[in-house]
Amino acid sequence: MTNRGIAGNVSELRPRFRAGLVLTGGGARAAYQVGVVKAVRDILGSPVKNPFPILVGTSAGAINAATLAAYSDNFTRAVGNLLENWENMHVDHVYKADFPSIIRSGAKWLSSLMLISRRNPISLLDNSPLADMLARTLPFERIQDNIDSGALYAVSVTASGYTSGQSVSFFQGGSGTEGWERNQRIGAAVTLKMEYLLASSALPFIFPAVKVHREYFGDGSMRQIAPISPALHLGADRVLVVGTGRQTMDMARSRSNIYPSLAQIAGHALNSIFLDSLSVDLERLERINRTVSLIPPERLAAGNLPLRPIKVLFISPSQPIERIAARFLHELPRSVRVLLRPTGALNRSGSNLASYLLFEESFCRALIDLGYQDTVARSTEVVSFFEGSPS
């Protein structure tokens, strides 16, 4: 059966609604998202028209969202650009992994911890190669062109302010998009540029914070209590949410009486940042949908209530990503392995931490394949997501 046969003319139904794509954070784990959008492309029959007029991303997901936005005049081409980047990914495209850079960074942290130096180390790793890669591959000026042509309605990336503690969603959109303000989270209209992506993807402690608008910002997943919210504020009436991790029942039941390594604790902290808020937000959205379903349709149609049903499709890895990462730890540069070994990150129990830093081709391709297979297995749900009304 051909891809066109799976989709029929689903992509031609798009004008009836605004679909949002929500891409969460997770460092190298974001390669999984590329497999998902690749599958969506194939299920819809390789459309030119962008099926996601609203794109929302956080951390590494912000880079993926911005790439899709820059090429949203041709969705198939946009997905192709993502695949080109991620299928040929290497650590040195994202951060400096040569021995001199690693030694300098380690020496700064050691001297600070031993009170030899009064200068605080900025970060564990230098991600200037990421800035260079974005400058080469991401034409930010095309985002406004696509908004003006109608190929894109809005794109948002979220970062966390270290001083204010606010979760700020920086968005660029067409006429009708407005900022918002809620408790500890706001939406600010801007013209997106590289600084916003570097801020959103600045993993705490690992990559340096970025100064934007008189404040230093870090990874957008920190203190982001409502990851889906920006898409809804920008007008989405249905959202495809792509996660980068999954807490399986088998893992939840597993126990160990061995004291956790530093890598296990760090990996647990990162999972809490990237995964927990998304689960809570999905549950909240499901509760609201159930409440809305109890309201008579005529009252909703009258527009007296600021509520609307939101169709949600959530896709997340069917396998624990840290277990996949454990198979590829040997492909990290030797300098990075030397840096991580004392933390326990090269052990299977500590591979959670390493999975966020494993920007290597083989691992990324494995996650792309997993995302693709997970989504194709739910082709019927994907087709249904793009059909009919949002109720």
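How many salt bridges does the structure hold? There are eight salt bridges, each defined as a side-chain nitrogen of Lys or Arg within 4 Å of a carboxyl oxygen of Asp or Glu. The model is predicted, so local features need pLDDT of at least 70 and side-chain atom pairs count only at pLDDT 80 or more, while totals for chains, interfaces and linings use all residues. Residues are numbered from 1 along each chain as its sequence is written, and side-chain values use heavy atoms, with hydrogens and water left out.

One of the salt bridges joins Asp42 and Arg41. Their closest N and O atoms lie 2.9 Å apart. Burial is judged by relative accessible area: buried is under 20%, exposed is over 50%, and partly exposed is in between (1.4 Å probe, protein chains only). Asp42 is buried, at 8%. Arg41 is also buried, at 13%.

A salt bridge also links the side chains of Asp281 and Arg284, with an N to O distance of 2.5 Å. Both residues belong to helix H11 (residues 262–293). They are three residues apart there, so about one helical turn separates them. Helices (H or I, at least four residues) and strands (E, at least two) are DSSP runs, numbered from the N terminus. Asp281 is buried, with a relative accessible area of 6%. Arg284 is partly exposed, at 30%.

Arg378 and Glu381 form a further salt bridge, at 3.0 Å from N to O. Arg378 is partly exposed, with 24% relative accessibility. Glu381 is likewise partly exposed, at 38%.

Glu215 presents another case. This residue lies in strand E8 (residues 215–219). Glu215 is buried but has no salt bridge. The nearest side chain of opposite charge is that of Arg214, 8.6 Å away; Lys and Arg count as positive and Asp and Glu as negative, with His and the chain ends not counted. The Glu215 side chain does reach the backbone nitrogen of Thr163, at 3.1 Å. Contacts of Glu215 (heavy atoms within 4.5 Å), leaving aside neighbours within four places in sequence, are with Gly161, Tyr162, Thr163, Ser164, Gly165 and Val210.

Helix packing was examined for H6. Helix H6 spans residues 128–137. Its buried residues are Pro129, Leu130, Ala131, Met133 and Leu134. These buried residues pack against two helices, H3 (60–70) and H8 (194–200).

Conventions. Polar contact = N/O pair within 3.5 Å; in protein donor to acceptor, adjacent residues only side chain to side chain.
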